Amino acid sequence: MQDHAHHDHVAIFRDRFWVSLALSVPIVIWAPMIQDWFGYTAPSLPGSDLLAPVLGTAVFLYGGWPFLTGGWHEARTREPGMMLLIAMAITVAYGASMATSLGLFDQEVWWELALLIVVMLLGHWIEMRAIGQAQGALEALAALLPDEAERVTDRGTETVPVTELEVDDLVLVRPGARVPADGEIVTGQADVDESMITGESTPVPRGEGDPVVAGTVATDTSLRLRITATGDDTTLAGIERMVRDAQASRSRTQMLADRAAALLFYVAVAAAVVTAVVWLLLGRPDLALDRTVTVLIIACPHALGLAIPLVTSISTAKAARTGILIKDRLALEAMRTIDTVLFDKTGTLTRGEHRVRDHVVADGIAEDDLLRWAGAAEADSEHPLARAIHAFAVERVPDLPVAQDFDALTGRGVEATVDGHRIGVGGPALLREHDRGTNDLAPAEWHERGAATLHVLRDGEVVGAFALEDEIRDVSREAVRRLHAAGVRVAMITGDAQQVANSVAEELGIDEVFAEVLPEDKDAKVAELQERGETVAMVGDGVNDAPALARADVGIAIGAGTDVAIESAGLVLASDDPQGVVAIRELSTATYRKMVQNLWWAAGYNLAAIPLAAGVLAPIGFILPMALGAALMSASTVIVALNAQLLRRVEFATTVS
């Protein structure tokens, strides 16, 4: 609805510009001042003396209507600003010109009035197009959804509009097609392109039981999905809401710009009154009118009003395209001042899934045999550690034997018959059960770094051991390195044992570690850092991170984090790549820089231009023409818009897969 209304505004200014330009051409050609300047005589036509007032009135009423109605609205709501200044200027110019045409006054500015309105319409058209391009991110997100879906029924498949899909419907997604709604894979396995949601360019493998998000693409094979969310409940719809809310939200810099624009209105009116009085006292009523209108025009806080919102829209759209979702503009603005980033360990710096980090083999045992026995024995277990060992074995010994007589031993491990041997895989309790408690093959360093250790027994004899640890993300090292390069301290918080936390911190080069922290105490650690005078960004993904995310100066929810974590955060990373934190900081710095540049240009331009428009250089023979004043005012708006557009070209540390 908002996008449609915006397109209407663009069309209004575009159409009124072209019509007003066509009507203004004859006014300018037959204007006596223009004829004198260029030394020509316009042909005398019947009624040519009425051409300027008739066409000028048409331009005033048609081309000037958006400004007149906008000015009336600002006056009625007691929020004077740009539109009211323009409305006052063109009304004064129109009144003086009409009075002159009726023989009541001697200051005709029909051609200046016409060109003034044409230039104003052009400036607004350019502005609306720029804002429309920035808001195009919402349309791009909406375009990710297909119009139709293939719903699977008892009679086969049927093509239906996406709007008719319901939760629990079964749909078929063919290779290269977009997922029509959030769902869970029932059958099939495919590499799914999630770049439009996460910003990561590499397709992600998804199989049975995995969730997929509306708008993503099944790249190589077909999938059957059971729909879990439709319409406004989908992840994509949530992203659209975040982008829209962020583009509409106000930053501290925006509040400053609004106050400056309001103040500038009163400065402009006061300057216009002083200008009129001074020139009247000097006996130049013609210059009094001309200079007063020029002051009102050139002082319009148009560029000031555009300076911040356009940067806001562009930065929000740029962020969304790279998987950074801005819920709170103030959070993005504050990110550039952060000097400490506190990462939750599990699921953020690490994957939250154990992987085999190391393994040892007893003397006389072949490594492949150890992997065959352990992998086959763990194949039927649902325990996360068992799945990690099975996956490790499959990678190295593709043809695992099939285990027989599988038995899950609660609290101890598993046992199964493999290749005629009774194979057991488990922890210290399994060793004690087989009276092998002193036969620990695990190196001391495994215990020192807190790795989970599982031993493998063949017919009661220890034949090997595996060290399993929460896998550190490859990108975590680069994220920490980039933050250090930017002068930011990196801290880590976890409920894990101290030796586990120290091992991760040492590998990543983290500056400070908070270990063995209870979930309810995480926010206290954030407060502790803040009490030291540090400005803290908290990065987490779980329910127990929510209080800490809310307490931090900037809360960042990472990955597919829980709804509670996302609600508590000001910024959300769609992917689970911690390098996104670096990207947020760089985007924050670039956005703030553009805001300040635009603010200084817009405010400084107005303050410098007002005296020039008032005629301070008249004693040396320079009078700023009214139409040139309008062109300069519009030029300042275009400069601000172009400077904001340069933000699109700023490169920052985008997330990587």
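This is a predicted model: local features need pLDDT of at least 70, side-chain atom pairs count only at pLDDT 80 or more; totals for chains, interfaces and linings use all residues.

Colleague: Fine. How many helices and strands are there in the protein?
Modeller: The protein has 24 helices and 22 strands, taken as DSSP runs numbered from the N terminus (H or I with at least four residues for helices, E with at least two for strands).

Colleague: And what share of the residues counts as buried?
Modeller: Of the 657 residues, 52% count as buried, where buried means under 20% relative accessible area, exposed over 50% and partly exposed in between, with a 1.4 Å probe and protein chains only. The accessible surface comes to about 29,200 Å², and 55% of that belongs to carbon and sulfur atoms; such areas come from the Shrake-Rupley method with a 1.4 Å probe, and for residues only the protein chains shown count as cover.

Colleague: Now the open sheet, in what order do its six strands run?
Modeller: The order is 12-17-16-15-14-13, with antiparallel pairing, and two strands count as paired if DSSP finds at least two bridges between them. Strand 12 (350–361) and strand 13 (404–409) stand at the edges with a single partner strand each, so one side of each is left without a neighbour in the sheet. On average, neighbouring strands of this sheet are turned by 20° against each other, direction ignored.

Colleague: What packs on that sheet?
Modeller: Helix 19 (residues 498–508) does, touching strand 12 and strand 17 (461–472), and its direction makes about 60° with that of strand 17. Contact here means heavy atoms within 4.5 Å, while axes are lines fitted to C-alpha atoms, for helices over the stretch in contact, and angles run from 0 to 180 degrees between N-to-C directions.

Colleague: Which residue takes a positive phi in the hairpin of strand 14 and strand 15?
Modeller: That is Asp419, with a phi near 50°, in a hairpin that has two residues between the strands. Strand 14 (residues 413–418) and strand 15 (residues 421–426) are joined antiparallel over six bridges, and Gly413 has Gly426 as its bridge partner. Gly426 also stands opposite His455 in strand 16.

Colleague: Switching topic, why is strand 11 said to be largely enclosed?
Modeller: Strand 11 (residues 340–344) is largely enclosed by the rest of the structure because five of its five residues are buried. Thr340, Leu342 and Asp344 lie on one side, with Val341 and Phe343 on the other. Strand 11 runs parallel to strand 18 (residues 489–493), with five bridges, and pairs in the parallel sense with strand 20 (residues 536–540) over four bridges.

Colleague: Last one, is Thr275 buried or exposed?
Modeller: Thr275 is buried, with a relative accessible area of 6%, and its place is in helix 9 (residues 252–281). Leaving aside neighbours within four places in sequence, Thr275 is in contact with Arg291, Thr292, Val295 and Ala614.

Conventions:
Residues are numbered from 1 along each chain as its sequence is written. Side-chain values use heavy atoms; hydrogens and water are left out.
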